[in-house]
Amino acid sequence: MSDAHLHLWEDRFLYATHAIASGLTARASGAVLLAPPGRSFTLVTGSGERLQAAAAWVPPLVARRLDASRWGLLSLNLDPAAHHHRLLAARLGERRIHPLPVEDLVRLGPACEGALHGQLDADALQALCNDAVRLAVGAPLEAVTSKPERPLDPRISRVAAAIRRDPQAAPLPALAALAGLSTDRLTHLFREQAGLSVTRYALWAKIRRAIQQMREGAPLTQVALAGGFSDSAHMSRTFQSCFGLAPSFLADPRRVQLAVDEAATRTWPA
């Protein structure tokens with residue numbers, strides 16, 4: 001039986017593992033981290049601040065060391081251009097790790113246990129993700145599932161969608177033309193709207209595409225090139241810096257059970 005479960009949807013992924021510890025990592029996605037009921041994990045920031053928490057919001061590109069080696073962890077990672085990510089960033093901030101009050105999340109305990117043991121179907125996992133976001137921001141369910149009050153600028157939506165389709169295909173001038181903006185204006189607006197640069201988002205798209213292609217069992221060299229990396233070494237360095245895990249670990253079905261939603265396959269095509 002696999003030690004971990006990785007579920008990918010259009011705008012997020014959920015990694016559930018019985019044990020994980022990593023060195024200093026940072027990634028483009030914001031993450032909601034949840035410990036099993038009654039347990040906690042340790043985060044150490046890049047500046048050396050140590051946090052013990054049962055739940056936390058980690059903004060994108062914020063460096064941290066993680067120790068959840070004793071009890072395990074659920075890590076809900078949200079695409080920077082997605083509604084839920086923008087909602088969390090607006091409510092909880094984009095610069096610092098934000099511990100979440102455990103009393104608000106205690107009701108998720110049974111679902112968290114089920115996710116850790118691979119006992120929830122896709123619908124139940126989606127519900128768990130939505131509940132985690134709702135409780136993290138203290139918002140009613142309608143605020144999480146409905147359209148945001150400040151939707152992503154349609155020009156940035158077009159650019160982000162083009163990058164998701166192929167992170168290599170469109171250099172910055174072509175993306176600027178797609179948006180009807182100058183390259184400087186696109187660079188500024190994309191960072192303002194998504195919280196990171198176009199280049200960082202393109203790298204994130206390569207990571208997402210590569211993970212999805214691991215489901216097919218192709219050699220990692222092939223996965224790296226198809227995902228947009230220069231070679232497998234480049235992909236390995238990127239995965240280590242983002243997740244503290246080697247691509248070979250995530251691609252091994254004996255270690256990680258990988259599930260990909262149909263909408264994810266359409267949004268992040270191979």
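**View 1. Lining of the largest cavity in this predicted model, by residue class.** The lining of the largest cavity comprises eleven nonpolar, five polar and two charged residues, where Ala, Val, Leu, Ile, Met, Phe, Trp, Tyr, Cys and Pro count as nonpolar, Asp, Glu, Lys and Arg as charged, and the others, Gly among them, as polar. About 240 Å³ of space lies in this cavity, and of the 18 residues lining it, Tyr15, Ile20, Arg27, Ser75 and Phe243 are the closest to its centre. A cavity is a set of points, on a 1 Å grid over the protein atoms alone, where a 1.4 Å probe fits but cannot get out, and lining residues have an atom within 4 Å of a point. This is a predicted model, in which local features need pLDDT of at least 70 and side-chain atom pairs count only at pLDDT 80 or more, while totals for chains, interfaces and linings use all residues. Residues are numbered from 1 along each chain as its sequence is written, and side-chain values use heavy atoms, with hydrogens and water left out.

**View 2. The second largest cavity.** This cavity, with a volume of about 40 Å³, is lined by Leu14, Leu34, Leu74, Leu76, Leu128, Cys129 and Ala132. Its lining divides into seven nonpolar, no polar and no charged residues, and H4 gives the most, with three residues; helices (H or I, at least four residues) and strands (E, at least two) are DSSP runs, numbered from the N terminus.

**View 3. The two sides of helix H7.** Leu175, Ala176 and Ala179 of H7 (residues 172–179) are buried, that is, under 20% relative accessible area, whereas exposed means over 50% (1.4 Å probe, protein chains only). On the other side of H7, Pro173 and Ala177 are exposed.

Definitions and conventions. 1 Å grid on protein atoms, 1.4 Å probe; cavity = no way out; pocket = protein on both sides within 12 Å on 5 of 7 lines; lining within 4 Å. Points joined across faces, edges and corners; volume = space filled by probe spheres on them.
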